[in-house]
Each structure stands twice: as C-alpha cells, then as structure tokens.
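Hi everyone, thanks for making time for this. I'd like to walk you through one structure, so please have the sequence and the 3D view ready.

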Amino acid sequence: MKRQMITKLSLIGTALCLLSGCFSADSNKDPVAENEHVTESTMLGQRSYLLKLPANYQPERQYKLLLAFHGSGGRASQMQTMAQFERASNDYIVAYPNSKEIEWNEGCDCNIAHRKGADDLGFVDKVIADIQSKHKLAEGEIYAAGFSQGGLFTQNLACNRSETFKAVAVVAGSMSRQLADSCAPTKPVSILMLHGDADSVLPYNGSNHANFGLISSPQAILLHANLHNGLPYPLKKALPNNNAELISYTNGQQKFQLMRVENGSHSWSFSQLDTTDKILAFFANLSQPELPQHSMQLTVKDQQFHVRAMGSDNPGPAVVLLAGPNQNYHSDSAWFAALQPLLAQKYRVYSVDRLGNAFSSTADTLSYRRFADDLAAVLQQLDEQQIVLLAFSSASISTRWFYQQYQSQFDIKAMLYVDPDIPLPHSLSLYQAYPADWYLANLAELLPHIATGAWNERTLTKIQQERELAEQLVAEHKKLMDWQYFEQISQQRLLVPHQQARAREIAAYIADLDSYAQLAMVTGVPVSIIDSDFELADTDNATPEELLALKLWQQEGSNWSKEQASLSNGQYIALTDSEHLVPLQQPYTILQALDWLFAQLQLP
C-alpha cells in the first residue's frame, strides 16, 4: 500500500482492515471441526499459519494447495474470514499464513519487512514443505492469492517462486515499480488480477512515490504476459453481470488476466462480483482459452474445434464458412472477420476452424481430406443438417470431399467457392511445386526446428504485414470489420504447435490435391464460384516463363470455374483487379452470391 510516513503504517494497516471487512479471530486455537472444515493453527519457529482442510477431508486423497495472504496490518484469521476459499471448493487445502511484520516483504526493497529482514519467501517455502509432509498434494497444483499488500507479495511469488506456483491471483493491488524492474520468473505462471478502478489506497492506475511507486494494473498484467512470451493482442470484453471489464493475454498455455471492476474501491469483495468464486474459476480453467464473443469449442473425438456462431435466430439452412490459405499459408477464420458479421444479419452462420488453426487443438496427422470427416462430426454436434457450404481457397478440397462422403447424411443445399483450387494439370503442377514439395521432403527435420522457436520472428513479421494489408482491404467497409476477432485469431498462428500444424498440412497438400483431382465436377447441387484474378497481381518481376505460367493458371482456373458453375446451375462471378483475400476485400460480393443461391433455391 502507498506509504506516506513509516510511523503511520500501523494505523494504515488498521484502516485497511476496516475497509476490507476484517474480523478478530483466535489464530492459535486447537484443531476443531467448523461446519466440517477442520481448522489447524501451526507454528513454524516463531511464525504461524492457519490451515483449513476441505469438508469431508480424506487423508488418502490428493488435494490442490492454495495459500492466501492477508493485507497490511491484517492476520491470517481475517483473510480466512474474507476469502473462505475452503467453503467454495473441496478441491483445495487452504493455508492462510501470518506475516512476521506488519506487512509482507513484497519485493520492493522499501518497507519495514525488508528493512527488518523478514524472509517471507523462505517462510512460504517452509509452509509448503510442512503441509506436504502431513498431507497428500497433487503434483504441480500449488496456487496463491493475496489481498492488498498481500496481493503485492503474491506478485513477488510470481516473480521469484514461479517454479513453485501454477497460478496466482492478486486482489486490490497492482505492482511496485521496483519489483516490476527486477521480476525474472524462471517458469511460466498464470496471473489473475482483480482491481477496482476507484481504489484510492493502491490505485488502479498506479502512483508515483519516491519510496514506493506503483505501476498500473494494466501495465502489470502486460508485464507478466511479456515475461512469459504472451501473444501481442489482448482480448478485451465487458463482463456486464459483474460490472467489470476483462483484459486477457495468453501464451497458448498460461493466461494473464485483469478484471477491472467499475467504480470498485479498495476491497476484497464487490457488489456484483464474487472474488473468491472468480479466483477459483480461473484456477480451474487454466487450460481453457479465453474465447472471443460468439466463439465456442466443441469436443469431437478428444479434439477441440473452434466454431464461431452468429445469427443463430435466423431461419433457413446454416451457412458454413471454411477458410483456406493466403500466400503465407495462413488459413483460419480471421479471413471472415468482416464477412461473417455481414452474413449473420440475415443468415445463421458458422465459421469452423480446422485442427491446428485458431482455437482448435492440433494433431499429428492433418489434411484437408481429414477435415471433411471432422466437419461432419462438428455439424452433428451443432445439430445442423441443412447447410450451404462456403469455401475460400484450398478449403474447396475439404468441401468437395465432404460432399462426396456425406451428401446422403446432410442436406447440402448449395456450395459457394471463392478462388477455389483448380484440379487441372497446369494448376496442379504449380500447387504441388515449391513450397509443397519442399515441406513434404523436409518435414521430419522441420518440425523439431520449428519447436525451437526459430520461425517465431518471421511468423510475427508476416502477421503484422497481413494486418496492414487487411486494413487496406477493408478500407471501404471499416464498420463491418471485427478487428479484435481478427487479432485474436491471427495471433494464434504464432504458437509453435500451430506453426508445426501448418507445416504438416502443407506437406499433406500434394496428396490432398491428387485425391481432389480424381473427383468429378459436382452436378447435384448448385455451385457458384467467385473467381478473382489474383494470379496476375505480382507479375512486375516475373520472367517471361513465369508470366506465361501465371497467365495459363489464371485462364485454366477461369475455364474450370465457368464449367463447374454451368454444369451445376450455379453462378460464375469474375473479379478484376482483385486481391486473393476476397472475404476481406469484397464481402458484399460474397453476400450477393449467397443471396442469389438462396433465391434460386427458394430458401428462407
């Protein structure tokens, strides 16, 4: 807490106790049963901690361990009265340690505890060891939470005991400037911060002080994210039922989250937010990503598939969006960040990400052919039988295979291809050349190379370039673009497992294309095709031979697309001076093509 004069520390501690709702309690009583929660007060030398066992404690069972730290001037019994973690969950043994001095040695090297040499980090080590000697603890399941100055000390644990704690939570406190400068965790640890933006004791926006300055809570959570290689774009979303805003970073495994409580004061509890429940929910869901609005994960055969659902109240067949790659082989629903909100104004729309993309999990065996089977299982879970498939780029392979394998199980009304792969000899020779043949030949050596992080920087550069291109492409319809969704999805490409998944899929691309080329054109349902001329976009430095090859590719693609549309009674739409990322550049063209299909089929 902010100190004005050292001589006032005791008074401030007392004031904080009153603010936080502390109550007096006997911290040295013998073990007793209180509503089935056994209480133990343990001395370790001249120091003590209060232990709460879960209801119906079973000595043979393994439990998680949670340490909860009181504020300045407080005691363990007061923290227990406020937090009552043991009453909210039977999964934890909960320890409430007592500080040696009026406050914790929080890592600022500036307070009484520091000057008197209180070894609070060492004391925490001893508390954990003592509990481990008496109870069975689950491997790697040790957590910490702290209020006010105890929350600042919890930040110290995240910085200097990261090898011990899986996750920590900080309530009503940010981070001292000194600790921010010295924080050097050795292992990743997840962080949750809950802070009222009207806190006048430890201000949400930080404070300047010669002895004890604070960085803001947004700066603190960003610092933790950066220290643990967090992805660059935070997810921000309102929590209206809690009168709060969530700011969430991730590195793909750990989470770093800040809940800003609107008009919240310096308190453990808030009128619309149960702090204890929020902390325990955070600890329980560390492996679950924080998803953007409209997103969900569906479990299919032990794999998680990311689905974004919009326009759920609209009638008629579901429109299913399937993404394909750009020139960097990035292939996910970020490409639909402008299109899906537009279509959802009148259609029920799902974008489904393949394994290894967006918030979908990954697998060792990946291909466009496999995704046809995965898609069938996802649609079954969504309980969608009547569908229209909209495929961008190479997703035409999955779409065509899905139609081949599942046309009898699903009522596929129509298909709309946007710049599909062309299953004809010249186009195939280009697709199956570099880089596809290189990935196939070098995959075994490439995967461990990617695992070292060797491609992280180049991937980040490409993502930044794609963001700049997207800004240009959506210039005429900025209001449609969901930039936060675009950022949240595109940054998943930085994750090493996703980089490896992309390599696996590129290596399988040659076989995907061979199988795709064996399939006949579709005649049973209308297939409309939007055909851009992106093949000729970058020809300035092309050799005469390369230019000829690109022109033949474009001509072959146009001829095939016209024939497929004609045979199926679909629509052929040619675009000139167009980028390949048609869903970003020309979403209204796609909407019009979809409207035409629905009108032709007299669909609602």
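**Cysteines, a histidine and some rings**

Let's begin with cysteine 159, which has a relative accessible area of 2% and is therefore buried. By buried I mean under 20% relative accessible area, with exposed being over 50% and partly exposed in between, using a 1.4 Å probe and protein chains only.

A word on where this comes from: it's a predicted model, where local features need pLDDT of at least 70 and side-chain atom pairs count only at pLDDT 80 or more, while totals for chains, interfaces and linings use all residues. Residues are numbered from 1 along each chain as its sequence is written, and side-chain values use heavy atoms, with hydrogens and water left out.

Okay, so what does cysteine 159 join to? A disulfide links it to cysteine 183, with 2.1 Å from S to S; the rule is a pair of cysteine sulfur atoms within 2.5 Å. This pair links distant parts of the chain, 24 residues apart: cysteine 159 is in helix H6 (residues 149-160), and cysteine 183 is in the loop between helix H7 (177-182) and strand S9 (190-196). Helices (H or I, at least four residues) and strands (E, at least two) are DSSP runs, by the way, numbered from the N terminus. Cysteine 183 has 8% relative accessibility, so it counts as buried. The torsion about the S-S bond of cysteine 159 and cysteine 183 is about -100°, so we call the disulfide left-handed.

How many disulfides does the rule give? The count is two. The other pair is cysteine 108 with cysteine 110, also at 2.1 Å from S to S. That link is left-handed, with -85° about the S-S bond, and both cysteine 108 and cysteine 110 are buried. Counting bonded cysteines along the chain, the pattern reads 1-2, 3-4.

Next, glycine 107, in the loop between strand S5 (92-97) and helix H4 (112-115). Its relative accessible area is 12%, so glycine 107 is buried. Setting aside neighbours within four places in sequence, glycine 107 is in contact with Asn156, Gln178 and Leu179, where contact means heavy atoms within 4.5 Å.

Now find histidine 70, in the loop between strand S4 (63-69) and helix H2 (76-83). Histidine 70 is buried, at 2% relative accessible area. Which backbone atoms does the side chain of histidine 70 reach? One is the oxygen of glycine 74, at 3.4 Å, and another is the nitrogen of serine 99, at 3.1 Å. Not counting residues up to four places away in sequence, histidine 70 touches, among others, Trp104, Phe147 and Gln149.

Last topic: rings. There are 21 aromatic pairs. Rings of Phe, Tyr and Trp (its six-membered ring) pair if their centres lie within 6.5 Å, and planes under 30 degrees apart are stacked, over 60 edge-to-face and the rest tilted. Take tyrosine 406 and phenylalanine 410: centres 6.5 Å apart and planes at 75°, so they are edge-to-face. Both tyrosine 406 and phenylalanine 410 are buried. Tyrosine 439 and tryptophan 455 are edge-to-face too, because their planes are at 80°, with centres 6.4 Å apart. There's also an aromatic cluster, formed by Tyr368, Tyr431, Tyr509, Phe534 and Trp553.

Terms used: Polar contact = N/O pair within 3.5 Å; in protein donor to acceptor, adjacent residues only side chain to side chain.
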